[in-house]
Amino acid sequence: MTTRPRYVGYVAMSLDGYIATPDGSVDWLTPFNAALADCHDEADGGYDAFIQSVDAVLMGRSTFCQVLRWGWPYGDRAGYVLTHRHDYKGDHITAAGPMDDLRSAIEAKGHKHVWIMGGGETQRAAIDAGMFDEISVFVMPTLLGDGLPCFAKGVQHPLTFRSATPKSGGILQLQYDIPKPVETPV
């Protein structure tokens, strides 16, 4: 019997809810990363500890392509790519396809801690599929005015507040648990 992995989110967004500019750039995060680097007790905002706990990453195809332009920063962690194409292949791809196929592939591989990373459509698909267990949102003290939203439009999902932690540079880390929907008997 396989154990269900823990699916987590770890995302930075502007105060007005965007994770990237309209063209997909995340360069707007650079000054905030610098602010965290200037603080000796949290040089990376907790990212190193977070990424060490993750054994797989699940992302949309656009995010995957962007990550490859930076070079694969996730070492030997398995990569799962959400896409409509079942034949999507490439370096660092363990499996690609729709969300249900990815969930089956992740669970078949026995992963324990999976990072569901941007963008907003991938995060919405994962939350709608009941995969998210928790999310850490780093709210950056800036208004982008337009861009790619943290979550695509969809149905409401209640969250359970866990904590709010101020970080260097005016950043606020919000942590939520995401309860599973209660299924009603038929």
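The residues lining the largest pocket divide into 25 nonpolar, 14 polar and 7 charged. In that count Ala, Val, Leu, Ile, Met, Phe, Trp, Tyr, Cys and Pro are nonpolar, Asp, Glu, Lys and Arg are charged, and the others, Gly among them, are polar.

Some ground rules. This is a predicted model, where local features need pLDDT of at least 70 and side-chain atom pairs pLDDT 80 or more, while totals for chains, interfaces and linings use all residues. Residues are numbered from 1 along each chain as its sequence is written, and side-chain values use heavy atoms, with hydrogens and water left out.

Back to the pocket. Its volume is about 1500 Å³. A pocket here is an open set of points on a 1 Å grid over the protein atoms alone, where a 1.4 Å probe fits, with protein on both sides within 12 Å along at least five of seven lines; lining residues have an atom within 4 Å of a point. Grid points are joined across faces, edges and corners, and the volume is the space filled by probe spheres set on the points.

The lining holds 46 residues. Val 26, Thr 63, Gln 66, Met 117 and Gly 118 lie nearest the centre of the largest pocket. Which elements each supply at least two residues of this lining? They are E1, E2 (18–20), H1 (30–38), H3 (61–70), H5 (120–128), E7 (134–140) and E8 (148–149). Helices (H or I, at least four residues) and strands (E, at least two) are DSSP runs, numbered from the N terminus. H3 has the largest share, 8 residues.

So look at H3. Thr 63, Phe 64, Gln 66 and Val 67 are buried in H3. They cover an arc of only 165° around the axis, and therefore sit on the same side of H3. The arc is that of the directions from the helix axis to the C-beta atoms. On the other side of H3, Ser 62 and Arg 69 are exposed. Buried means under 20% relative accessible area, exposed over 50%, partly exposed in between, with a 1.4 Å probe and protein chains only. The buried residues of H3 pack against strands E3 (56–60) and E4 (78–82), with contact meaning heavy atoms within 4.5 Å. After H3 comes Gly 71, with a positive phi near 95°.

H5 next. Its buried residues include Gly 120, Thr 122, Gln 123, Arg 124, Ala 126 and Ile 127. Gly 130 follows H5, again with a positive phi, near 75°.

Now the second largest pocket. Its volume is about 200 Å³. Of its 15 lining residues, Ile 135, Val 137, Phe 151, Leu 159 and Tyr 176 are closest to the centre. H5, E7 and E10 each supply at least two. E7 gives the most, 3 residues. By class, this lining has 12 nonpolar, 2 polar and 1 charged.

Last, the rings. How many aromatic pairs does the whole structure hold? The search finds 13. Rings of Phe, Tyr and Trp (its six-membered ring) pair if their centres lie within 6.5 Å; planes under 30 degrees apart are stacked, over 60 edge-to-face, the rest tilted. Tyr 10 and Trp 115 are edge-to-face, 6.2 Å centre to centre, with 85° between the planes. That pair links strand E1 (residues 6–14) to strand E6 (residues 113–116), 105 residues apart. Both Tyr 10 and Trp 115 are buried. Phe 161 and Tyr 176 are edge-to-face too, at 5.9 Å and 70°. Ring pairs also build a cluster: Tyr 10, Tyr 47, Phe 50, Phe 64, Trp 72, Tyr 74, Tyr 88, Trp 115 and Phe 138.
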